[in-house]
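This report describes one protein chain from its atoms.

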Amino acid sequence: MSTTIDVPESSNVNLKGKALVVAPARAGGMKKGIAIMDFILRLGAIAASLGAAASMGTSDQTLPFFTQFFQFEASYDSFSAFQFFVITMAMVGGYLVLSLPFSIVSIVRPHATGPRLLLIILDTVFLTLATASAASAASIVYLAHNGDQSTNWLAICNQFGDFCAQTSGAVVSSLVAVVIFVLLIAMSALALRGQ
């Protein structure tokens with residue numbers, strides 16, 4: 001699989017009887033690079049989505065009060081938007097784990113359109129879920145930080161600082177997963193464009 005090239009003699013260099021060896025061009029180099037980057041981004045999205053679900057799912061803070069019978073507690077299961085967030089981010093993380101074999105197939109066979117087309121369709125569906133859950137949780141986190149005077153919602157983050165910090169971190173992590181999903185869809189579309 002090597003190619004020899006005979007170069008005529010130059011005035012400065014004596015190449016009499018020597019041949020240059022050139023490696024053949026690899027087919028699908030760009031598509032393979034996109035597939036490898038796809039796999040790496042999927043690993044990052046797995047960490048971001050499962051980290052967001054775990055962080056939100058373990059957010060709980062109880063304020064000590066005068067008696068043990070009268071306590072204030074803030075937990076993720078007190079808010080339906082946070083419950084939706086935990087469930088959907090866990091589903092997104094599970095999908096990303098299950099999509100890894102298809103990403104590996106795209107690395108091994110960079111010109112195969114079937115796995116990449118399946119990934120772009122499912123990535124779009126789960127991007128929608130991740131965006132919806134991140135937006136709903138972000139609205140509740142915003143109300144927890146700032147409150148709303150017109151509806152008599154008080155800001156609770158002055159009292160429940162750890163709870164608010166943990167839920168805010170979960171929302172940021174989910175938004176990182178959303179950005180990674182957008183990159184995955186754009187890269188898949190780029191790889192499919194050349195088919």
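Which residues does A81 touch, not counting residues up to four places away in sequence?

## Surroundings of A81

With that exclusion, A81 touches S136 and I140, a contact being heavy atoms within 4.5 Å. A81 is found in helix α2 (residues 80–108). Helices (H or I, at least four residues) and strands (E, at least two) are DSSP runs, numbered from the N terminus. A81 counts as buried because its relative accessible area is 15%; buried means under 20%, exposed over 50%, and partly exposed in between, with a 1.4 Å probe and protein chains only. The C-alpha atoms of A81 and A138 are 9.1 Å apart in space, while the two residues are 57 residues apart in sequence.

## Basis of the model

The model is predicted, with local features needing pLDDT of at least 70 and side-chain atom pairs counted only at pLDDT 80 or more, whereas totals for chains, interfaces and linings use all residues. Residues are numbered from 1 along each chain as its sequence is written, and side-chain values use heavy atoms, leaving out hydrogens and water.

## Overall architecture

The chain holds 4 helices and 4 strands, in the order β-β-α-β-β-α-α-α from the N terminus. Of its 195 residues, 36% count as buried. Among contacts in the chain with a separation of 6 or more, 73% are between residues 24 or more positions apart. The accessible surface comes to about 11,400 Å², and 67% of this belongs to carbon and sulfur atoms; areas come from the Shrake-Rupley method with a 1.4 Å probe, and for residues only the protein chains shown count as cover.

Helix α3 (residues 114–146) has 33 residues. From first C-alpha to last, α3 reaches 48 Å, close to the 48 Å expected at 1.5 Å a residue; the expected span is 1.5 Å times one less than the number of residues. Just after α3, G147 takes a positive phi of about 70°.

## Nonpolar core

The largest nonpolar core has 41 residues, and those with the most contacts inside it are M56, F82, F85, M89, L96 and F181. Such a core is a set of buried Ala, Val, Leu, Ile, Met, Phe, Trp, Tyr and Cys residues joined through side-chain atoms within 4.5 Å. The elements giving two or more residues to this core are α1, α2, α3 and α4 (161–193). Helix α4 provides the largest share, 12 residues.

Leaving out residues up to four places away in sequence, L96 touches R42, A45, I46, S49 and F181.

## Salt bridges

A search of the whole structure finds 2 salt bridges, each defined as a side-chain nitrogen of Lys or Arg within 4 Å of a carboxyl oxygen of Asp or Glu. In one, the closest N and O atoms of D38 and R42 are 2.9 Å apart. D38 and R42 are separated by about one helical turn, because they are 4 residues apart in helix α1.

R42 also forms a salt bridge with D123, with the closest N and O atoms 2.7 Å apart. This pair links distant parts of the chain, D123 in helix α3 and R42 in helix α1, 81 residues apart. D123 and R42 are buried, and D38 is buried as well.

## Surface patch

I36, M37 and I40 form a nonpolar patch on the surface, with about 250 Å² of accessible area together. Patches are made of residues with over 30% relative accessible area and no salt bridge, like charges being joined within 9 Å and nonpolar side chains (Val, Leu, Ile, Met, Phe, Trp, Tyr) within 5 Å. I36 lies in helix α1 (residues 29–57) and counts as partly exposed, at 38% relative accessibility.
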